[in-house]
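Subject: Structure handover

Hello,

Here is the structure I said I would pass on. Please open it beside this email and look up each residue as you read.

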Amino acid sequence: MQATDEEIRLRKGLDENIVREISKIKNEPEWMLDFRLKAYKYFKDRPMPAWGPDLSGIDFNSLSYFVRETSKKTSRWEDLPENIRQIYDKLGIPEAEKKFLGGTEAMFESEVVYNRVKKELEDLGIIFCDTDTAVQKYPEIVKQYIGKVVSPNDNKFAALNSAVWSGGSFVFVPKGVKVPMPLQAYFRINTSEMGQFERTLIIAEEGADVEYIEGCSAVMYSKASLHAAVVEVIAKKNAHVKYTTLQNWSNNVYNLVTKRSFADENAYVEWVDANIGSKVNMKYPSVYLRGENARARILSIALANSGQIQDAGSKVVHMAPNTFSTITSKSIALNGGKANYRGLVRIMKGAEGSKSTVKCSTLLLDEKSTGDTYPYTENNEKNAVTTHEAFVGKINEDQLFYLMSRGLNEEEAINTIVLGFINEMVEDLPMEYALEFNRLIKINMEGAVA
Amino acid sequence: MAEIEVKDLTAKIGEKEILKGINLRIRTGEIHLLMGPNGSGKSTLANVMMGNPKYSIADGKIVFNGEDITNLPAYERAKRGLFLAFQNPIEIEGVNILHFLRTAYKAEKGEGKNVIEFAENIANELNLPREMLKRQLNVNFSGGERKKLELLQAILLDPKIAIFDEIDSGLDIDTLKTVINLLEKIKERTGILLITHSERTAEEVDSEEVHVILDGKIVEEGGKEIIKKIKEKGYASYR
């Protein structure tokens, strides 16, 4: 890293020079610059996705691709500039860290400004740092895995991320090590017309176990920002990775994220993905079940309020015998919001004895709001089972009447039903996050009853 | 002393008239039995009294302690002390029972009571395992368990007027006895409309009056002799 305390704001827009400059600022090795430049070509060559929500509001030339607010990266909150520290204080991050986190990372604009891991975790050989640091300190590991789960040419936004990535988390858990407390990263966008492109890589070696939580927020601006992250998770034999997201971007952010994992023999990968914010959210956490007995569980929750499109779901590919997956998707649309489920389950030939269960339901709270389901199932193996249940509909009038007959007014009754509908999510979150999640849902529900 | 009066009540679902000029008056300390064959309008009357918006009121009114509540939403009726124990209590996924009971109690009565402790004591009395109160509202409950939970709410919320819509169906004989005893106890503070299919229940309850409903109209009212008549001849004699 440059030892300067100066702010850096690269000029808006994207070309090869911006890619080179980012790499230079970070003082990167040649191989990483090559990785970026190749990816930039893929990005240029690829058209915008021809499916899904309208992305024409993204102007690649109006975005800032690298913003450094402070070059200080610290493990002490008090070292951060006052204005930045206050933001995290308000969000309760330092408090959560004290209470129950094993490691914490805070990313501000393009870079991680705070990172700290409890000593007992470090002593176990657990690595949790930002990915820029990992490129400098653990180049061999990064080189081995980066772009292997999500190829730089996977899709236009994965290509973009690969070209201009900055920040994100690098987690390495050695063989047989169970991380005793969750690791958390918090992402913040404070600038208008910002592009945030964190790159996260989680490697759980054989028999390792780790829970990673991420939260995010942004200042609301009238002009669009873009958040295009790539997250790669590798769960080796017998490993367990649980990845939880509480996404609460402001409603001017396009959130186009590629999250994917490999699960080897007997490994278990969980994605718990809650999407409350953003203007357009496209996110389909994926698991490739590569080894026998590997399992996947994906819980995806979305709330689409006025002006929002939540296009969420998941993807699971069963590549080995006796692999299991459950996908649960619950979404809520209100005030004209749109909540789609988009999912893919593929069972490859030879994945005998595999089983996949998909349940997706969408609650539409008013006439203006919509939701579609696009489930895609492909079973190429006779001795494998897939099931799929879908529901799109309004709040059950009988449930509403039942609660109202017990003294709850319409708003309280609807809140109760909605919070019950997504209760599975709440049960999955650490207490502090569950409270925050419920609070965010309630704020969104305010005034929902005309 | 509380009182509910149903006056010349005519109610429709869509264009279909289901209740056709019902009159009823129930006061604290009284149990009124409402009997009638399937589809005669018993549950509709219960729902309309409680304010189910599925039904529209074409004529008549409902007066609660002198106040016209015909157009009040259900929660306003509940807050005034009206309660309905549903015939088929609905499952509500993800809603923890104890949390729900606390919310309902707070909405109707305000703060004060230790709702959880109180609810657990009632559960004991009803032979409903305490653990069940930690589950989701009615989710995967048997018919009998649902009825017990309705009764538990009736006791907890201590209404002025309570409607029990077939609280006795699907209960085993011992539970039925417990339920009838509890109704007698509730009656001391509450006026009760007890809808039942069972002549046996009707006979065992110390009732003020028996009302027979057929095709949306009250066709006979009187004492316990009516139960005997129904037992012997069914509802055919009213047609």
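Below is what was found in it, taken part by part. Please keep in mind that the model is predicted.

**A tryptophan in chain A**

A:Trp249 sits in the loop that runs between strand S13 (240–248) and strand S14 (253–263) of chain A. Is this residue, A:Trp249, buried or exposed? A:Trp249 has a relative accessible area of 2%, and the limit for buried is under 20%, so A:Trp249 counts as buried. Leaving aside residues up to four places away in sequence, its contacts include A:Phe187, A:Ile189, A:Cys216, A:His227 and A:Asn255. A:Thr200 lies 49 residues from A:Trp249 in sequence, and their C-alpha atoms are 18 Å apart.

**A sheet in chain B**

Chain B has an open sheet of six strands, in the order S6-S7-S8-S3-S9-S10, with mixed pairing. Strand S6 (82–85) and strand S10 (217–222) are at the edges; each has a single partner strand, so one side of each has no neighbour in the sheet. From one strand to the next, the twist averages 20°.

The partner of S10(B) is strand S9 (residues 209–214) of chain B, and the two pair in the antiparallel sense over five bridges. In this pair, B:Ile213 stands opposite B:Ile218 of S10(B). Helix H8 (residues 225–233) of chain B lies across strand S3 (31–35), S9 and S10, and runs at about 120° to S10(B).

**Salt bridges**

Over all chains, the search finds 51 salt bridges. Here are some of them.

- A:Arg290 and A:Asp264 form one, with the closest N and O atoms 3.1 Å apart. The two residues are 26 residues apart, and the pair links distant parts of the chain. A:Arg290 is partly exposed at 38% relative accessible area, while A:Asp264 counts as buried at 17%.
- B:Glu93 and A:Lys330 meet through their side chains, at 2.6 Å from N to O. B:Glu93 is in the loop between S6 and helix H3 (97–109) of chain B and A:Lys330 is in strand S20 (residues 324–333) of chain A, so this pair joins two chains. B:Glu93 counts as partly exposed at 38% relative accessibility; A:Lys330 counts as buried at 6%.
- B:Asp215 and B:Lys20 form another, with 3.2 Å between the closest N and O atoms. B:Asp215 lies in the loop between S9 and S10 of chain B and B:Lys20 in strand S2 (residues 16–27), so the pair ties together parts 195 residues apart in sequence.
- A:Lys26, A:Arg68, A:Glu111 and A:Asp132 are linked in a network of salt bridges.

Regards

Conventions. Residues numbered from 1 in each chain as written. Chains lettered and ligands numbered in written order. Predicted model: local features only at pLDDT ≥ 70, side-chain atom pairs only at ≥ 80, totals over all residues. Heavy atoms only, no water. Helix = DSSP H or I, 4+ residues; strand = E, 2+ residues; numbered from the N terminus. Buried < 20%, exposed > 50% of the residue type's maximum accessible area, 1.4 Å probe, protein only. Contact = heavy atoms within 4.5 Å. Pairing = 2+ DSSP bridges. Axes fitted to C-alpha atoms, helices over the stretch in contact; angles between N-to-C directions. Salt bridge = Lys/Arg side-chain N within 4 Å of Asp/Glu carboxyl O.
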